[in-house]
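The sequence and the structure are shown first.

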Amino acid sequence: MVSEHRSSKSVCVIGAGPSGIVAARELRKEGHTVVVLEQHHDVGGQWLYNPNVEGHDPLGPKDTNNFLEVHSSIYASLRLVSPRETMGYSDFPFAVKKGRDSRRFPGHREVYLYLKDFCEWFGLRDCIRFNTRVEYVGMVDFGVVNGRNLNWIVKSRELNTSNNNNNNNTNNNNVVIEEIFDAVVVATGHYSFPKLPSFKGMDSWKRKQMHSHFYRVPEPFRDEVVVIVGNSLTGQDLSMELVDVAKEVYISSRSMNITEGLSKVIAKHENLHLCPNIETLEEDGKVSFVDGSWVIADTIIYCTGYSYTFPFLDTKGMVVVDDFRVGPLFEHTFPPSLAPSLSFVGIPRKIIGFPFFESQAKWIAQVLSGKRTLPSWDDMMQFIKEFYHSRDVAGIPKENTHDIADFEYCDRYGDHCGFPHLEEWRKLLCKSAIINGMINLETYRDLYDHDYELLQEAFLSPHFTQQAEPQAIAL
């Protein structure tokens with residue numbers, strides 16, 4: 001719903017990754033005062049590669065209420081699984097730049113540079129406080145909750161750091177700062193806190209166990225017997241990389257129904273094997289599978305996904321993470337009891353991320369200004385109830401609540417704030433990459449001749465031929 005009433009709010013955005021920086025851009029465009037708090041020395045979030053993982057528990061913290069020192073899960077060789085043309089924000093194409101990674105499926109650094117360019121183009125760095133960890137976010141004068149009139153106290157700590165050439169902080173006193181904001185936007189991502197399975201003997205297994213969050217390069221696994229748990233995109237990438245240095249690589253999968261592409265890779269390498277789920281782990285290094293087979297392994301790498309966690313957030317139980325479902329959230333964004341003063345950007349998965357985050361950010365900014373209004377609390381809660389029921393009927397586990405995998409939903413979502421529907425070429429290029437990856441796992445990032453006509457359509461579209469002016473959001 002559109003409203004004529006407009007107001008400006010002071011808003012704290014937590015995180016300067018892809019969702020946080022576009023939230024800052026949209027909030028400022030709508031006239032709000034924005035402060036972005038980022039715990040690391042630069043923008044990028046997940047895409048700010050950090051090779052330093054030594055000295056940390058390779059399985060991650062045991063408690064989701066603990067802060068995670070290493071945020072990025074990026075490994076050195078990681079390349080995009082979607083073509084760059086599909087990923088750009090609506091008015092800032094992810095175009096090739098001279099002297100940089102020009103591949104259609106570039107490495108992670110190219111994404112970081114794109115996000116850095118986005119911040120520079122729209123003048124966002126001046127509202128970001130780097131090396132600042134948010135330690136507490138809670139309601140001011142908690143009592144009768146009215147999300148529209150609620151203020152938030154944010155406690156943050158400036159971190160002692162070194163070698164921060166990009167840091168815009170001038171001192172490192174490691175003191176806690178308390179501030180009051182009209183609204184908080186949580187944009188901390190969801191690919192950082194390791195999610196682990198539970199196997200018999202896992203706690204007593206004496207050899208090396210780690211989550212893929214802490215994997216960076218293959219060399220430490222040279223001549224080892226490695227078991228990779230999970231055949232997700234990460235599991236497949238690590239398998240293909242380790243097979244050239246490890247003695248043997250075993251992929252343990254809950255399902256033996258794998259893609260044609262992974263089958264081709266396994267057939268090509270004598271030291272790469274597909275196994276069913278793990279049944280037990282034994283202290284001598286034995287890994288037993290549910291079909292009775294077993295191996296003696298040196299290392300187990302869990303490519304088993306990530307949990308949602310917000311250790312800083314105190315909502316008095318009004319927003320909880322239950323079996324990897326964050327809720328209740330209206331349209332994956334607004335908790336009805338605290339809306340619109342608290343919102344989330346970047347919760348959904350299995351989408352074309354950057355444009356979707358942009359539509360979320362635009363909607364939040366417009367609701368906070370009064371340009372748009374949300375449904376009533378009752379209507380939002382009924383919508384959530386019906387959404388959960390539809391997922392149950394479809395047989396979708398609670399842990400996959402935020403897996404969208406639906407272009408039509410993304411288009412309907414954009415209607416909340418007047419965000420344009422995804423271009424047909426963007427959808428088709430994304431589908432093409434998925435299909436090609438399922439068939440040609442090892443080569444699809446470099447073989448894409450069949451996309452030629454779609455690419456020509458993309459490059460002639462307004463997305464690539466028109467560019468937003470940087471001064472358009474100047475305050």
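Contact here means heavy atoms within 4.5 Å. The model is a predicted one.

**The sheet**

Five strands make up an open sheet with parallel pairing, in the order β9-β16-β10-β11-β12. At its edges stand β9 and β12, each of which pairs on one side only. From one strand to the next, the twist averages 20 degrees. In general, strands of a sheet pair through backbone hydrogen bonds.

Within this order, β10 and β16 pair in the parallel sense over 4 bridges. Val-227 has Ile-300 of β16 opposite.

| β9 | 208–211 |
| β12 | 272–275 |

**A pair of helices**

Two packed helices are described by the angle between their axes and the distance between the axes. For helix α9 (residues 424–439) and helix α10 (residues 452–459), the axes come within 9 Å and cross at roughly 145 degrees. The crossing of α9 and α10 is left-handed.

Which residues meet where α9 and α10 are in contact? From α9 come Trp-425, Leu-428 and Leu-429, and they meet Leu-454, Leu-455, Glu-457 and Ala-458 in α10. By class, this contact has 6 nonpolar residues, 1 charged residue and no polar ones.

Definitions and conventions. Residues are numbered from 1 along each chain as its sequence is written. This is a predicted model: local features need pLDDT of at least 70, side-chain atom pairs count only at pLDDT 80 or more; totals for chains, interfaces and linings use all residues. Side-chain values use heavy atoms; hydrogens and water are left out. Two strands pair if DSSP finds at least two bridges between them. Helices (H or I, at least four residues) and strands (E, at least two) are DSSP runs, numbered from the N terminus. Axes are lines fitted to C-alpha atoms, for helices over the stretch in contact, and angles run from 0 to 180 degrees between N-to-C directions. A crossing is left-handed if the near helix is turned anticlockwise from the far one by less than a right angle, and right-handed if clockwise. Ala, Val, Leu, Ile, Met, Phe, Trp, Tyr, Cys and Pro count as nonpolar, Asp, Glu, Lys and Arg as charged, and the others, Gly among them, as polar.
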